[in-house]
Amino acid sequence: MTTETYAFNADIQQLMSLIINTFYSNKEVFLRELISNSSDALDKIRFISLTNHEVLSTEDSLAIKVIPDKTNNTLTIIDTGIGMTKEEMVKNLGTIAKSGTKAFMEALSSGADISMIGQFGVGFYSAIAKSGTKAFMEALSSGADISMIGQFGVGFYSAFLVADKVTVISKNNDDQQYVWESTAGGTFNISLDENPNSERLTRGTKVILTLKEDQLEFLEEKKLKELIKKHSQFIGFPIELYVEKTKEKEVSESEDEEEDKKEEGEKPKIEEVTEEEEKEKKKKKTKKIKEVSHEYEQVNKTKPLWMRAPESITKEEYGAFYKSLTNDWEDHLAVKHFTVEGQLEFKAILFVPKRAPFDQFETRKKRNNIKLYVRRVFIMDDCDELIPEFLSFIKGVVDSEDLPLNISRETLQQNKILSVIKKTLVKKCLELFNEIAANDEDYKKFYEQFSKNLKLGIHEDTTNRTKIAELLRYHTSKSGDDMISLKEYVSRMKEGQKDIYYITGESRQSVANSPFIEALKKKNYEVIYMVDPIDEYAVQQLKEFDGKKLKSITKEGLELDQSEEEKKAFEESKAQFEGLCKLIKDVLGDKVEKVMVGSRISDSPCVLVTGEYGWTANMERIMKAQALRDSSTSAYMQSKKTMEINPKHPIVIKLKAKSDEDKSDKTVKDLIWLLYETSLLTSGFSLEEPNVFSNRIHRMIKLGLSIEDEEVEEGAAVEEDLPPLEGPASNMDEVD
C-alpha cells in the first residue's frame, strides 16, 4: 500500500493554529460542523440524482451515523453522501485558496459543467452563503468577491479541537476508496484503502476522530444526544446514534445453572421426571438477568415545522412543536408563521406564551428566546441583535438562507442581515398582537401578562412607538372595570377637548379619589389612570397620540375650557386672593415655588402641582424606592411645587378673612402649614417630617377635646416646640 505525504498549504497551518487556539471558544461546535458537512454531501448527491438517478445505485439510503467507541477512544461520523476522489481529497482537505467552493466558482465562470457542484469539497467546508447551486449562481451574477467564499471552508478543521488524529475514509462513485490522515502537524497522508479489515463504503465519507485524553466526554451517549438535538435537530437527513440498550430477561435458576454447566463443558444428565416433580420444578424461583445489545437510534425526530406551509399545519402540531422548543407545560397563546422572500430570505415561527416568565426583567437572564438557524443548522439562541429587549418573551425559530456560517458564530452579531431580520420580526410581532386584540378575552390575558413589555417598547422603540401605543389599554374615570385603548379614548373625547388627560399614581383607588380630577369630573372630561410604575417612563416618551397631546393633570399648564362667565369669575378670584397667596408663599418659603388660585379642584382646599418638565409626585416616590439610586441626581430632578388654592372652599375663604384681619396672626401661619402638609399627602408626596405633622394633629385633637397642657400626665411627652393653636400666648414663630 503506497502512502503519499503532502504538506498543508501555509495558510491552512496558520489557520488551524488559530482555530484550535482562538476562534472556537466552545469545543462542542466540532460535531455541528462535521454533521453539517455530511448534510451538505448528502444534499449534493441528492441534487445530482434529480438528473441522474444512477448515482444512487450504489447506495440509495441517505443518512448520517454517529458511532462512539469507548474502547478505542474514537468518534466516527459516517454519511452516504457524494464522497471524494483522491484528487479532491488533496485539493479540498489541504488548502483553502483552492477549496472546493472557490474552485467551483472559477470552473463555473469558465463554462464548466454544473454537475461538478457535487464535489465534496464545497460541502466539506461547511455551507457557504447559501446551499447548493443557487448560492453560487447568485453570488456570481451579483459580482460578489469570490475569494471571500473560501473563509467558510474551515468547519472541518474544528475536528482538531477535540482530536489528536483525524482519519477521513471516502468513496466516490468515480474512484476507489481512499484514506486521508493527519495529526495537524503540518502534513497529511493519503493512501488507497487496501486494508482487508477496513469497512468498505458503498459511497460516502467516514470521519474518524481519535479523541484527546481530556475530551472523552464526547463519547458519552447523553452528551452526544444533547449536542445533536441542540445543533442539528432539524437537519434534513436522519442522524442515527449507535447506542447501547440494556434489556432485562427473566430466567429460572435451573436454566441458568444448566447454561453455566454447558459453558463449563459438563454433559447434561438424562433423568426420568414424574408429573409431580415437573410441577415442583416450575414452581422454582426465577431471576432476572441483563442483556446488553447495540443498535442505531434516530436522534433528530422533530421535523422543521417552519419548512411546511402554514395552512397544512394543525393547531395540535404547533402546540407540540412549541412545547418541544420551550419545555413549557402550557400551550401557547398565539402563533405567527411566515416566510420572507426577495433580497433576503428566511422563515420563522413566533409564539406568544400564555404566561410571562417569573424572571422576565432580571438583568442576568437570557435576553431573548429566539433560536437562530442557518439552513436548519442551529447557530445560537442568545443573539441580542435578533430581537429587542421588550419582545424578549417571544419564543420561536428563525431560519435564514442568507446568513453566513462564519468561523465564529459570535461574528454573526455584527452582520447587517441581522438588523433586517430584527426589523421584520418586530413588525410581525406587532401584527400578531393586533391579531390577538381581535379577541377581547385573549387580549385581556395577554395584556395582564405582557403590558409592561409593551410600555417598555414605548420607551425603547422610537420607530414603532405609535403602533405600540395602539396596543395599550388603561382604566379611566369612565370605563369602570373595563380597560380602553387610546384610540377609543380619542373617539369619545368631549367636543372641544384638545388634549388627552391622564393621572399617574400608586393605585386605581388613590387616583380615582385624587383632588386633581375633581374639576375634570364635574366638567365631564375622561381621565386615564396610569397606575403601573413603568407608565411614568413610557409617558415621558409618548408625547402625543393621534395628534392629541398627552397632558398630566398633576402638572402645571393644565388649561380647561371655560365660559366667558367662568373666566371673568376666575380673574376676579385671582385678584381677590392675591394677598393670601403672597402670605402663604411668605410662610412656606422655599417649600413651594409659587402659590396661585387654581381651577382644577372643586372639593379640596388646595393641591400641590409639579413643574411641567420635572418629576410628578408619583415619579418622585418611585425614584426614592430605587435601591441603587444616585441621590445626587434627585436634587435637580425633584419637582418644583406650586400650591394651587380653591377660592370657593370654606377653609380658604375663612383663612383669607382671618389673614385680612391680622396678617401676623400666629394661628393663620399654623393653619397654612397644616394645609401644606395635608396637601402633600393628598397630592401624592411623602412628608419630610412626619413627627412634626403628627404633633400638629395631636394639638388639634387636644383642642377639640378641651385638654389643657396641665392635664397631661407627668412623664408624658409635651410638644414644647408647638405653641397652643389659639390665644395671644402663642409662640408660632417657633413652629417648624
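1. The protein chain has a mean pLDDT of 79, with 77% of its residues reaching 70 or more, where pLDDT is the predictor's confidence in each residue on a scale from 0 to 100. This is a predicted model, in which local features need pLDDT of at least 70 and side-chain atom pairs count only at pLDDT 80 or more, whereas totals for chains, interfaces and linings use all residues. Residues are numbered from 1 along each chain as its sequence is written, and side-chain values use heavy atoms, with hydrogens and water left out.

2. Confidence in the protein chain is highest in strand β3 (residues 74-79), at a mean of 95, and lowest in helix α5 (residues 120-124), at 35; helices (H or I, at least four residues) and strands (E, at least two) are DSSP runs numbered from the N terminus. The pLDDT is below 50 over residues 111-153, a stretch that has 102 contacts in the model beyond near neighbours in sequence, a contact being heavy atoms within 4.5 Å. Residues 714-736 also stay under 50, and for them the model has 38 contacts beyond four places in sequence.

3. Six strands form an open sheet with mixed pairing, in the order β16-β15-β18-β17-β20-β19, two strands being paired if DSSP finds at least two bridges between them. The edge strands, β16 (484-485) and β19 (544-545), each pair on one side only. Within this sheet, strand β17 (residues 499-504) runs parallel to strand β20 (residues 548-552) over four bridges, and Y501 has K551 in β20 as its bridge partner.

4. Parallel strands β21 and β23 (residues 641-645) are joined by four bridges, and V597 is partnered by I645 in β23.

5. Helix α12 (residues 440-460) packs with helix α17 (residues 533-541) at an angle of about 35 degrees, their axes being 8 Å apart. On the α12 side K452, K455, L456, I458 and H459 meet I534, D535, Y537, A538 and Q541 of α17.

Note on methods:
Axes are lines fitted to C-alpha atoms, for helices over the stretch in contact, and angles run from 0 to 180 degrees between N-to-C directions.
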